[in-house]
Amino acid sequence: MRRGPRNLRVAADGVGLTQFGGVTLIEHFFQRIGLQGALSQNIRFAQRNNRYSVSESLEALLYPLVLGLGRIETTEPLRSNSVFHYLAGLPGYPDATTLRRFLERFARGGRNSLVKLHDTWRAAMLGRPAQAIFDLDSTVLTVYGRQQRAEVGYNPKKRGRRSYLPLLCFEGNTQDCWEGSYHPGDTHVSTITIPLLERAFTTLPEPIREVRVRADGAFFDHKIIECIEEKGAFYAIVARLTRPLKNRLSGLRYRCVSSGVWAAEFRYCPHGWPGLRRFVVIRRLVPKEPSAQLHLFQMGGYSYQILVTNLTLKPLNLWRFYNQRAGAELIIRELKYAYALGKIPTQDFQANEAFFQMVLLAYNLLNWFKRLCTPTHLQRATLQRLRQRLFLVPAQLVRPGGAPTLRLAASYTSAPDFLETLRRIRHLRPPF
């Protein structure tokens, strides 16, 4: 049986080494889309020092989100990595205190400009489709300190803990995050959805002729539905199973629409609503329950799910259309854990909300990077997989003949994907 080396010497004298060789892909992409120039021209506010420009400080916040360093405190490895500085085009890397203070100033002086710029980019990347789909969802971010405006609200995993409540809207075709807002944990979703929808509709490009909205039972509110109808849009929203709705289930005539799936529909006006709406019931055997989050009601060996809609789709097609919304829940999970949305950086609410907007920007930038630059088999990859394949790549920066060269290990199995991605970036036509 072979053993490891016994007399191995270790020397800390390597030159030009980095574990972040894939940063060159990110920086090349940022250059092609003109990220730094756009940030410099559109986001300006007073700085206390001139070592890092506003655009450089914003990029210094983006890179840890992409590379998986999480909290601001864990960015220390980037400060001493001169190869990373060279590849990222930064003069250095700020310490945690500098980044946190910048975030607080940015929240008050540059946050709104960033959101407007982000809106412009989103519209350009969406293009000119005939239809857009809005997937609404919310999540809970538990806090453990004395963060400003964190309140006790609905928190299924940490009951009694204070939290923040992000409300998110995704575009269902592209999976881009289209809109987002940040609130204290005791905020009720129904009270903040209409302002978010107003902004989401306002930022849509003109040629879009049809908008469809999908949402779970937290958004079952007649004011939200009326807002959607006033915009001339369509919706499929899970109905909360009140007692009057439950009483109707047993008296309906169901027909089999697929193997193990039965459907029925009726028109009904819930109490306090200003008119009849179409309700579609999906009935399935209990062992085939698709998800615990679909507000299912069990009765007589069956589980029931009710959707309220103004779409004319047949019940089975409506149900399938709504189930495609499950991608939004996966994106939120990735935002919380891969993009560090759940890592609250400061005690200041405005700074935390600004960090939230930075996370949404980082997510969309990586989503566009995948669509425009990566090989086909990586275009639906998670951020974690992209890190493993393209970003966290050990490399050495050398200068044979004075030409800077990034050397990847001969054993690096994803080198073809890396080089193909770099080729696509260099041939990319700036989308905005």
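Visitor: Which residues does Phe-84 touch, not counting residues up to four places away in sequence?
Guide: Thr-18, Phe-20, Val-23, Tyr-63, Leu-67, Leu-78, Leu-90 and Tyr-93. Contact means heavy atoms within 4.5 Å. A caution on sources: this is a predicted model, where local features need pLDDT of at least 70 and side-chain atom pairs count only at pLDDT 80 or more, while totals for chains, interfaces and linings use all residues. Residues are numbered from 1 along each chain as its sequence is written, and side-chain values use heavy atoms, with hydrogens and water left out.

Visitor: Which residues touch the most other members of the largest nonpolar core?
Guide: Phe-84, Phe-106, Leu-335 and Phe-391, in a core of 86 residues. Such a core is a set of buried Ala, Val, Leu, Ile, Met, Phe, Trp, Tyr and Cys residues joined through side-chain atoms within 4.5 Å. Buried is under 20% relative accessible area, exposed is over 50%, and partly exposed lies in between (1.4 Å probe, protein chains only).

Visitor: Which helix gives the most to this core?
Guide: Helix α13, residues 349-373, with 16 residues. Helices (H or I, at least four residues) and strands (E, at least two) are DSSP runs, numbered from the N terminus.

Visitor: How many residues are in the second, separate core?
Guide: There are 44, including Leu-136, Trp-262, Val-281 and Tyr-304.

Visitor: Back to α13. At what angle does α3 pack on α13?
Guide: About 65 degrees, with the axes 10 Å apart; α3 covers residues 54-67. Axes are lines fitted to C-alpha atoms, for helices over the stretch in contact, and angles run from 0 to 180 degrees between N-to-C directions.

Visitor: Which residues in α3 and α13 meet?
Guide: From α3, Leu-58, Leu-61, Leu-62, Leu-65 and Val-66. They meet Phe-355, Met-358, Val-359, Leu-361, Ala-362, Leu-365 and Leu-366 in α13.

Visitor: Strands now. Why is β10 largely enclosed by the rest of the structure?
Guide: Strand β10 spans residues 261-268, and six of its eight residues are buried, so the rest of the structure largely encloses it.

Visitor: How many bridges join β10 to β11?
Guide: Eight, and the two strands run antiparallel; β11 is residues 277-285. Two strands pair if DSSP finds at least two bridges between them. Strand β9 (residues 255-258) also pairs with β10, antiparallel, over three bridges.

Visitor: What is the bridge partner of Trp-262 in β11?
Guide: Arg-283. Trp-262 is also the partner of Cys-256. The β9-β10 hairpin has two residues between its strands, and Gly-260 in the turn has a positive phi of about 75 degrees.

Visitor: Change of topic. Is Asp-137 buried or exposed?
Guide: Buried, at 6% relative accessibility. Asp-137 sits in strand β2, residues 131-138.

Visitor: Which side chain does a polar contact of 3.1 Å join to Asp-137?
Guide: That of Arg-325. A polar contact is a pair of N or O atoms within 3.5 Å; within protein, one must be able to donate a hydrogen and the other to accept it, and residues adjacent in sequence count only if both atoms are side-chain atoms. Beyond four places in sequence, the contacts of Asp-137 include Asp-216, Phe-219 and Glu-329.

Visitor: Where is Arg-423?
Guide: In helix α15, residues 415-426. Arg-423 is partly exposed, at 42% relative accessible area. Its side chain makes a polar contact of 2.8 Å with the side chain of Glu-420. Arg-423 and Cys-373 are 50 residues apart in sequence, yet 8.3 Å apart in space, C-alpha to C-alpha.
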